[in-house]
Amino acid sequence: MTTNNEPAIEEMMRDAEIAEEPGDIKQGSVISASADMTMSAAELQSAGYVYVYDNRTADRSVVNRNMLQQQLEKQRPDGSFVFSTRKPEGIEPVRGTFKCLLHADDPNREKYTQMGLVVCPKDSLRSQYDVSLHMQFRHRREWQSIEGEREQLERERAQVRDDNMVETMRLLADRERPQNVREEKDGKR
Ligand SMILES: [Zn+2]
């Protein structure tokens, strides 16, 4: 299957390390598998998980066994494989510290719960940009809700600013008016 010394995909499929603790997914908790589909962790676990490693960064991900072959076949533009079921030796993965917006520790968690948004355990994102990518790809519907809410708030704030401006103009106009009236009266005398 492969011409270089990368282990054959079939071999890696066989060697795949079973993910005992599928990430941070708790039994019975609901995770967002895609924009339109949510599966319970129990359902996903019954399908079987394995670990795959990015063979350049050593980043570990949990992959559904049904999706394993597809992941192992992924190639970089230079034709090398991206994932391996074997942990690359001598590479320590760089672990980010940014949390998913849907993380339990998020300051807006209470509001998100009220909005019916799921909790996501992802806490190793590497930048704010990665957070927004993670949101867009993993939680598209939730991201739209959050963004929609933010835009709505922004519109309301803009409206308040406009109202304040109008009110200020009116107050300024009012302050000048009596004086004008008085001057007019004085002028008549
Ligand atoms: Zn997330």
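How many residues lie between E3 and E4 in the hairpin, and which residue in the turn has a positive phi? Five residues separate the two strands, and Ala-58 carries the positive phi, about 65°. The model under discussion is predicted.

## Confidence of the model

The mean pLDDT over the chain is 78, and 73% of the residues score at least 70. Among the elements of the chain, helix H4 (residues 109-114) has the highest mean value, 93, whereas strand E1 (residues 30-34) has the lowest, 40.

The open sheet consists of three strands in the order E4-E3-E5, with antiparallel pairing. Strands E4 (60-64) and E5 (83-84) are the edge strands, each pairing on one side only. Helix H3 (residues 65-72) packs on this sheet and touches E3, E4 and E5. The direction of H3 makes about 120° with that of E4.

Strand E3 (residues 49-54) is joined to E4 by five bridges in the antiparallel sense. In general, strands of a sheet pair through backbone hydrogen bonds, either parallel or antiparallel.

## The surroundings of Tyr-53

Leaving aside residues up to four places away in sequence, Tyr-53 touches Ala-58, Asp-59, Arg-60, Phe-83, Ser-84, Arg-86, Lys-87 and Pro-88. One of these contacts, Ala-58, is the turn residue with the positive phi.

E3 is mostly covered, five of its six residues being buried. The largest nonpolar core has 11 residues in all: Met-12, Ala-16, Tyr-49, Val-50, Tyr-51, Val-52, Tyr-53, Val-63, Leu-68, Leu-72 and Phe-83. At least two residues of this core come from each of E3 and H3. E3 provides the largest share, five residues. Another core, of eight residues, lies apart from this one and includes Leu-101, Leu-102, Leu-117 and Cys-120.

As background, nonpolar side chains tend to be buried together in soluble globular proteins.

Notes
Residues numbered from 1 in each chain as written. Predicted model: local features only at pLDDT ≥ 70, side-chain atom pairs only at ≥ 80, totals over all residues. Pairing = 2+ DSSP bridges. Helix = DSSP H or I, 4+ residues; strand = E, 2+ residues; numbered from the N terminus. Contact = placed C-beta atoms within 7 Å. Axes fitted to C-alpha atoms, helices over the stretch in contact; angles between N-to-C directions. pLDDT = per-residue confidence, 0-100. Buried ≥ 20, exposed ≤ 12 C-beta atoms within 10 Å, placed from the backbone. Core = buried A, V, L, I, M, F, W, Y, C linked by C-beta atoms within 7 Å.
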